[in-house]
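Try each task before reading its solution.

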There are 2 protein chains.
Amino acid sequence: MSLRYALLVTLLDGDASGYELAKRFDIRVAAYWHAQPPQMYAELGKLEDDGLVHAETVVQDRRPNKRMFSITEAGQAALHEWLVSPPRPLATKDDLLVRVAAVDEMDPLVAIDHLRRRRDHALSKLSTYREIEQLVLRGRTEVDYLHTARHIGSYLTLVKGIGYELERADWCNWAIHAIRQRHGWTADPTTEPQMTAAATDVVT
Amino acid sequence: MSLRYALLVTLLDGDASGYELAKRFDIRVAAYWHAQPPQMYAELGKLEDDGLVHAETVVQDRRPNKRMFSITEAGQAALHEWLVSPPRPLATKDDLLVRVAAVDEMDPLVAIDHLRRRRDHALSKLSTYREIEQLVLRGRTEVDYLHTARHIGSYLTLVKGIGYELERADWCNWAIHAIRQRHGWTADPTTEPQMTAAATDVVT
DNA sequence: CACCCCATGTAAAGCGTTACATGATTGC
DNA sequence: GCAATCATGTAACGCTTTACATGGGGTG
């Protein structure tokens, strides 16, 4: 039920086609929501049926035609109503953590390999988010930005993404280190816990 | 598809009924997986059909009868095979963050209220996890524990839960503060960002 | 020539939640 | 008396993923 509102919120950043919305989801929205294209197209169809978005077909020359979606007044009203409703408690599902819970049944090297990959993935997302942050701030300090920017919503979620991936990367490094210790292995500089930047960074 | 493995892993901690498994999920497993009882009972039925768990009906006197499940050898084999398979990239879905992304459309007081509740929820989970941590460590240092404990899997995931909730609480406080700044509001000691403990705490 | 980008969808299958049903026992 | 705990499930519904279908244009 929340996908529809995630789509409406994403449309606040500007009209878009289904394809463009899918791309926004991959980048800015990824930190808090995700959906496959077929689900988005289906939901956009329902939103149109319900009058919450308006669709305009744009005929293109060297590209397939597309349908540009925009949020309607009814859509804004529905969104406002939903915004004040209580968010449901978040329930995480992490495939890797299930495996880590059974680490005592595994070859430690396999466990470490899983953790390294996850850490590297987190670090790459982290650097993407940090690049976006620089683009958004354009040299302003945070305090300055919070006062002068037109919108702050996407910045708040961006910072959440940074904190989230940072915590993830740090935990992976810690877990790798813990597994090594358990097995009495000497430290390996390539996987040694390296504090990327403490969480204080997130709060500052 | 991962619920079955989450159940198998949870059974490694000892045989249990569906009801007991549901309780374990609420406490120790909550940091990385969740499922409603009907889904668990259904999945346990399938696991039994596939021979991965064995069910023994226990007739009780003053309580309804129950079915105690235990992991079979085939179950262990299936689990081991799955443990080495690559974990799928984690995809978060956070209802609250969708709302925060639209914070510019909201009454700031409503946004702050949402964030406070989420923070308090995170803090309460945090203190539960910390209590469990104390029980598990029983006065030992972490290094000592990692060498002497029978299993470390559930400890590793517990620490993840602590880091996760800590990061969440900190971000909520930061976001509340950011919204106040945006509106030029003076600090209110009841919601002022309070560093519960930096992420270095998680790594130490 | 192969591959990725653009662009939208259908159909089927799988995963997950909610409502409902049942009923004794224990603690406040 | 009321609520919570113990204990297991069915049925209906909704959400989400995956496989498939289509086809031109740009890049190495």
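Which residues are closest to DNA strand C, and how many surround DNA strand C?

The model is predicted, so local features need pLDDT of at least 70 and side-chain atom pairs pLDDT 80 or more, while totals for chains, interfaces and linings use all residues. Residues are numbered from 1 along each chain as its sequence is written, chains are lettered from A and ligands numbered from 1 in the order written, and side-chain values use heavy atoms, without hydrogens and water.

**Exercise 1: the surface near DNA strand C**

Step 1. A residue is near a strand if one of its heavy atoms lies within 4 Å of it. DNA strand C is surrounded by 23 residues, and the closest are Tyr19(A), Gln60(A), Arg67(A), Lys93(A) and His34(B).

Step 2. Sugar or phosphate holds 77% of the atoms of DNA strand C within 4 Å of the protein; bases hold the rest.

Step 3. Look for polar contacts (pairs of N or O atoms within 3.5 Å). A side-chain N or O atom of Lys93(A) is 2.8 Å from a phosphate oxygen of DNA strand C. For Tyr41(A), a polar side-chain atom lies 2.9 Å from a phosphate oxygen of DNA strand C.

**Exercise 2: list the contacts made by DNA strand D.**

Step 1. Around DNA strand D there are 22 residues, the closest being His34(A), Tyr19(B), Gln60(B), Arg67(B) and Lys93(B). Of the atoms of DNA strand D within 4 Å of the protein, 76% belong to sugar and phosphate.

Step 2. The side chain of Gln39(A) has an N or O atom 2.9 Å from a phosphate oxygen of DNA strand D. Gly18(B) uses a backbone N or O atom, 3.5 Å from a phosphate oxygen of DNA strand D.

**Exercise 3: describe how H2(B) and H3(B) cross.**

Step 1. Helices are DSSP runs of H or I, at least four residues, numbered from the N terminus. The axes of H2 (residues 18-29) and H3 (residues 37-49) of chain B come within 10 Å and cross at roughly 125 degrees. H2(B) is therefore oblique to H3(B), since angles under 35 degrees count as roughly parallel, over 145 as roughly antiparallel, 65 to 115 as roughly perpendicular and the rest as oblique.

Step 2. In contact (heavy atoms within 4.5 Å), Gly18(B), Tyr19(B), Leu21(B), Ala22(B) and Phe25(B) of H2(B) meet Met40(B), Tyr41(B) and Leu44(B) of H3(B).

How values were computed:
Axes fitted to C-alpha atoms, helices over the stretch in contact; angles between N-to-C directions. Helix = DSSP H or I, 4+ residues; strand = E, 2+ residues; numbered from the N terminus. Polar contact = N/O pair within 3.5 Å; in protein donor to acceptor, adjacent residues only side chain to side chain.
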